[in-house]
Amino acid sequence: MCPFPDEVLERVLSLIDSHKDRSSVSLVCKDWYNAERWSRRHVFIGNCYSVSPEIVAARFPRIRSVTLKGKPRFSDFNLVPEDWGADVHPWLSVFATAYPFLEELRLKRMAISDESLEFLATNFQGFKSLSLLSCDGFSTDGLKAIATHCKNLTEFDIQENGIDDLGGHWLSCFPETLTSLQVLNFASLNSEVSFEALEKLISRSKSLRVLKVNRNISLDQLQKLLLHAPQLIELGTGTFMQELVSDPIKDLKNTFGNCKKLVTLSGLWDATPLYLPVIYPACVNLTFLNLSYATLRSGELANLLSHCKNLRRLWLLDTVGDKGLEAVGSSCPLLEELRVFPADPFDQEIFLGVTESGFVSVSHGCPKLRYVLYFCRQMTNAAVATIARNCPDFTHFRLCIMNPGQPDYLTKQPMDEAFGSIVKTCTKLQRLAVSGLLTDRTFEYIGKYSKNLETLSIAFAGSSDLGMEYVMGGCPKLRKLEIRDCPFGNAALLSGLTKYESMRSLWMSACNVTMNGCEVLAKERPRLNVEVMKDEDGDGSQAHKVYVYRTVAGPRRDAPPFVITL
């Protein structure tokens with residue numbers, strides 16, 4: 001017998017925020033399962049085809065918040081056709097009946113139409129929070145419907161979506177009675193908006209804590225907005241290049257200085273040395289600085305970072321060079337996350353961008369580094385070994401050597417020992433992306449030493465099926481495996497027979513897998529969906545793109561003709 005009344009147990013379980021922990025709790029016994037079922041208010045679905053909306057609604061009757069992910073991650077690299085699926089509308093149709101009290105919806109890589117957004121806006125009267133990340137299929141007319149009908153909106157976050165931008169008229173559709181807005185992000189939209197409407201909205205949103213505008217907002221307009229919202233915690237600026245005389249620059253600097261609570265700063269499009277100093281007074285408490293749209297040079301970055309002593313997260317373009325990364329190492333001792341993106345990934349000049357030298361400098365000065373995404377055109381085994389020794393607590397290590405199959409540029413040897421040193425030294429590693437010239441030895445190291453690895457991304461690497469077999473034979477916590485352009489065939493695919501049902505998904509494209517191998521997998525593991533995307537130029541026997549995932553909903557009903565479910 002459960003020692004607690006149902007009401008007490010439900011109250012206790014409602015205090016658990018982690019969806020993983022809640023899932024574990026539900027497996028303890030029937031009483032805990034039922035208590036967790038009735039107390040659950042938020043559900044996270046990492047693959048929209050792993051379960052149906054009907055199953056979700058039957059399991060959890062009181063959901064107020066849903067996070068839903070759709071297309072595989074490689075859709076970010078245009079490897080998944082636009083009409084592949086992941087339509088949100090079937091979910092909304094079920095939710096309208098099951099959860100008319102739904103308040104929050106967070107979507108990533110989902111297909112959304114304007115009609116779906118209007119349906120959302122008009123069928124959930126208490127709806128408060130919408131976040132769209134890397135979604136597509138809608139236009140600013142859909143945003144207009146949300147702005148018009150959602151009277152209690154607290155969050156409106158539109159980030160990196162494939163959106164048909166028909167103009168900024170949507171921003172004028174928020175009712176004048178709306179005062180509840182806490183988050184407003186339209187940084188990724190291109191069109192000009194009505195500044196008058198924006199200023200009025202900001203001035204009456206006294207609880208606003210996150211504001212991210214697009215690059216059409218000028219510096220003087222930004223100053224006016226900040227005067228209305230000095231309480232901001234996160235700010236994404238507009239353009240940082242315009243003609244101002246000295247007094248307005250001083251005024252803007254004072255305005256930034258009044259933003260005492262600011263901890264996150266992004267935007268800074270077209271930032272120049274002339275205007276960059278205006279943000280210095282706001283840098284003292286910054287923990288996250290996103291400069292992925294600012295083409296700064298090393299000196300500009302060094303001056304800026306000298307005012308940012310509390311940074312934990314930093315995103316940069318490689319225009320800062322190795323000298324800029326030396327400034328990171330000397331100025332950011334508390335740094336935990338670093339991402340360095342290529343300003344021009346198609347520029348083949350090696351003397352531009354960053355190298356192993358800058359990475360090593362960061363590792364020397366930032367011993368707390370846990371997460372790194374690093375794009376470069378050259379690397380050495382010795383440098384990565386040094387980085388691993390300096391930062392042994394990596395949980396996420398994503399090294400992208402942009403020229404496929406690039407060896408250690410000094411020794412001309414494969415990069416096997418580099419990633420071997422990472423997986424041997426960094427025992428907390430959860431996510432790994434490998435690149436460069438790699439043989440099966442790299443994957444032998446990964447399979448043997450990566451006891452906590454959950455996500456592995458592989459491209460243009462490996463010598464034979466053995467590489468993938470090593471991974472599938474080890475890595476006990478592996479949940480997502482992403483592979484493209486590798487010499488792995490049917491034997492490699494079938495080596496994961498005992499593991500796929502405990503994983504979330506497997507993606508393989510441009511490998512040596514055949515339809516026959518996929519059919520064997522589908523027959524042996526009927527609880528998996530084994531999907532093959534047909535290649536128009538293929539002979540029919542090759543499985544050019546394979547997506548394998550566990551599901552309790554069976555084969556999906558909306559697969560387009562080019563997707564074969566085995």
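How many salt bridges does the structure hold? The count comes to 18 in this model, which is a predicted one. Side chains of opposite charge can pair when their charged atoms come close. Let's walk through a few of these pairs.

Start with Arg 73 and Glu 482, whose side chains meet in a salt bridge at 2.9 Å, N to O. Arg 73 sits in the loop between strand 2 (65–69) and helix 5 (89–98), while Glu 482 belongs to strand 19 (residues 480–484), so this pair ties together parts that are 409 residues apart in sequence. Both Arg 73 and Glu 482 are buried.

Next, look at Arg 106 and Glu 155, which form a salt bridge at 2.6 Å, N to O. Arg 106 is partly exposed at 25% relative accessibility, but Glu 155 is buried, at 9%.

Now for a pair within one helix. Glu 196 and Lys 200 form a salt bridge, with their closest N and O atoms 3.5 Å apart. Both are in helix 8 (residues 195–204), and because they are four residues apart there, about one helical turn separates them. Glu 196 is exposed, with a relative accessible area of 52%, and Lys 200 is partly exposed, at 45%.

Finally, head to the surface, where Lys 424, Arg 441, Lys 448 and Lys 451 gather in a patch of positive charge. Lys 424 is found in helix 15 (residues 416–425) and is partly exposed, with a relative accessible area of 38%.

Conventions
Residues numbered from 1 in each chain as written. Predicted model: local features only at pLDDT ≥ 70, side-chain atom pairs only at ≥ 80, totals over all residues. Heavy atoms only, no water. Patch = residues over 30% accessible without salt bridge, like charges linked within 9 Å, V, L, I, M, F, W, Y side chains within 5 Å. Areas by Shrake-Rupley, 256 points an atom, 1.4 Å probe, with all protein chains shown as cover. Salt bridge = Lys/Arg side-chain N within 4 Å of Asp/Glu carboxyl O. Lys, Arg positive; Asp, Glu negative; His and termini not counted. Charge placed at Lys NZ, Arg CZ, Asp CG, Glu CD. Helix = DSSP H or I, 4+ residues; strand = E, 2+ residues; numbered from the N terminus. Buried < 20%, exposed > 50% of the residue type's maximum accessible area, 1.4 Å probe, protein only.
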